[in-house]
Amino acid sequence: MIRVFIVAGIRLYREGLADVLARGEGLCVVGAHAGGGGALAHLALSRPDVALLDMATPQSYAMAREVYQSNPEISVVAFGIRPSEPELLTCAEAGITGYLTEDASFDELIAVIESAARGELICSPRLARELVRRLAAFAAERPPDSPESRFTPRERQIFGLLDRDLSNKEIASCLGVEVTTVKNHVHNLLEKLSVHRRSEITRTLQQTPRTVAAVAASGHRRRRDRSGRAS
């Protein structure tokens, strides 16, 4: 059974939808509310699969975002919206995974609820294209990953020790690991930096001072956290 919770400011809408959905196979209405903070509390207690949200309800977009952030396992289906791309994009940005326009039929309502319960999103090709464009624009505006993010926590530890001219055996002793483990990590560092000799690791990273400082500091911090004192 798909558990549905209805949020609509008008009582006739709530009761009418509950009555109609109760007649459908595989659907169970577990609650209904007029909206606001009380609706969020009732939603959390009812644990529905799908929240059916009337977009004419005050603060409906804010509520959809709150449900998405606090209860991501609940799929939000919006109904009563205008079929315009800006409004549909606003729905998507709020975490709404299904929508019904003002002239949607009962069969469409059931189909969208079932789709949302399966974790699917039904949208037009034009909307899908616009969503991809928005995602690409977001990725282009996002700052690039910092250079030090290429390395694992253990690799950053080992780099901090390489920066102090310690041998593989001394590094292994500091970290409490086998020498072969250190050799494997050094090999990974060589590959990631596209260099061939151990002595080139530090020199390559030192070409970007911010990176060498960040990586070394991360390695020293982790050793202090582990031993309670600087190595």
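# Helix faces and nonpolar cores

Leu-43 touches Phe-5, Pro-48, Ala-51, Met-63, Val-67 and Ile-74, leaving aside residues up to four places away in sequence; contact means heavy atoms within 4.5 Å. This is a predicted model, in which local features need pLDDT of at least 70 and side-chain atom pairs count only at pLDDT 80 or more, while totals for chains, interfaces and linings use all residues. Residues are numbered from 1 along each chain as its sequence is written, and side-chain values use heavy atoms, with hydrogens and water left out.

**Nonpolar cores**

- The largest nonpolar core has 21 residues, and those with the most contacts inside it are Leu-43, Leu-53, Met-63, Val-76, Ile-81 and Ile-96.
- At least two residues of this core come from each of strand 1, helix 2, strand 3, helix 3, strand 4 and helix 4 (85–93).
- A second, separate core of 17 residues includes Val-77, Leu-100, Leu-109 and Ala-116.
- A nonpolar core is a set of buried Ala, Val, Leu, Ile, Met, Phe, Trp, Tyr and Cys residues joined through side-chain atoms within 4.5 Å.
- Buried means under 20% relative accessible area, exposed over 50%, and partly exposed in between (1.4 Å probe, protein chains only).

**Leu-100**

- Leu-100 is found in strand 5 (residues 98–101) and is buried, with a relative accessible area of 5%.
- Not counting residues up to four places away in sequence, Leu-100 touches Val-77, Ala-78, Phe-79, Gly-80, Ile-81, Glu-108, Leu-109 and Val-112.
- Leu-100 and Leu-88 lie 12 residues apart in sequence and 9.9 Å apart in space, C-alpha to C-alpha.

**Helix 3**

- Helices (H or I, at least four residues) and strands (E, at least two) are DSSP runs, numbered from the N terminus.
- In helix 3 (residues 60–70), the buried residues are Ser-60, Met-63, Ala-64 and Val-67.
- They cover an arc of only 100 degrees around the axis, which puts them on the same side of helix 3; the arc is that of the directions from the helix axis to the C-beta atoms.
- These buried residues pack against strand 1 (2–7), helix 2 (37–46), strand 3 (50–54) and strand 4 (75–81).

**Helix 1**

- Arg-14, Leu-17 and Leu-21 are buried in helix 1.
- Seen down the axis of helix 1, its buried residues fall within an arc of 75 degrees, so they line one face of the helix.
- Arg-11, Leu-12 and Ala-22 are exposed on the other side of helix 1.
- The buried residues of helix 1 pack against strand 1, strand 2 (27–33), strand 3, strand 4 and helix 5 (106–117).
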